[in-house]
Amino acid sequence: MKTLILRTLCLFAFSVSTASSQDVIPLYPGTPPGSTPENYPEKEYFSKIWNTEVVTNVTKPTLTVFKPAPELKNGTAVVICPGGGFMALSINSEGNDVAKYLAAKGVTAFVLRYRLAHTGEGPPRNLPR
């Protein structure tokens, strides 16, 4: 899995286009080896405790690419892994917002939306809505 992520990052870091929209790259087609197929829905909502958007129940990992403007590109890249204790991802404040800031400084940023433990239909107990 690490090799796949690194290869994907290298490929996209060197082929950064001039488009300003974010590309979303699936990290694995189908069910990863050693995993069971999961079909519960991913949830995204505003957490009052964290005061930010969070994502739960992620089963399909992706990388979202934030590309700098062509005149700002400096040849560096970073992977951002938002926190949340494997139960949720603080996707904006620790992911997308950081990536936008770095892209404005010339850095290509990749936000990792990694697989999480299943939290059921509602928010995790420590993440009330």
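1. Thr52 touches Tyr45, Phe46, Ser47, Ser90, Asn92 and Ser93, leaving aside residues up to four places away in sequence. Contact here means heavy atoms within 4.5 Å. Thr52 sits in strand β3 (residues 52-56). Thr52 is buried, at 7% relative accessible area. The cut-offs are under 20% for buried and over 50% for exposed, with partly exposed in between (1.4 Å probe, protein chains only). Strands (E, at least two residues) and helices (H or I, at least four) are DSSP runs, numbered from the N terminus.

2. A word on the basis. This is a predicted model: local features need pLDDT of at least 70, side-chain atom pairs count only at pLDDT 80 or more, and totals for chains, interfaces and linings use all residues. Residues are numbered from 1 along each chain as its sequence is written, and side-chain values use heavy atoms, with hydrogens and water left out.

3. Next, the sheet. 4 strands form an open sheet, ordered β1-β4-β6-β5, with mixed pairing. Strands pair if DSSP finds at least two bridges between them. β1 (23-26) and β5 are the edge strands, each pairing on one side only. On average, neighbouring strands are turned by 25 degrees against each other, direction ignored.

4. β5 and β6 run parallel, over 4 bridges. Val79 has Phe110 in β6 as its bridge partner. Helix α2 packs on the sheet and touches β4 (62-66), β5 and β6. The direction of α2 makes about 170 degrees with that of β5. Axes are lines fitted to C-alpha atoms, for helices over the stretch in contact; angles run from 0 to 180 degrees between N-to-C directions.

5. The largest nonpolar core has 18 residues; Leu63, Phe66, Leu89, Ala99 and Val111 touch the most other members. Such a core is a set of buried Ala, Val, Leu, Ile, Met, Phe, Trp, Tyr and Cys residues joined through side-chain atoms within 4.5 Å. β4, α2 and β6 each supply at least two residues. β6 gives the most, with 4 residues. Ala99 touches Phe66, Ile80, Ala109 and Val111, not counting residues up to four places away in sequence.

6. Aromatic pairs: the count is 1. Phe86 and Tyr114 are edge-to-face, at 6.0 Å centre to centre and 65 degrees between the planes. The rule takes Phe, Tyr and Trp (six-membered ring) with centres within 6.5 Å; planes under 30 degrees apart are stacked, over 60 edge-to-face, the rest tilted. The pair links distant parts of the chain, 28 residues apart. Phe86 lies in the loop between β5 (77-80) and α2 (92-104), Tyr114 in the segment after β6 (108-113). Phe86 is exposed at 58% relative accessible area, whereas Tyr114 is buried at 15%.
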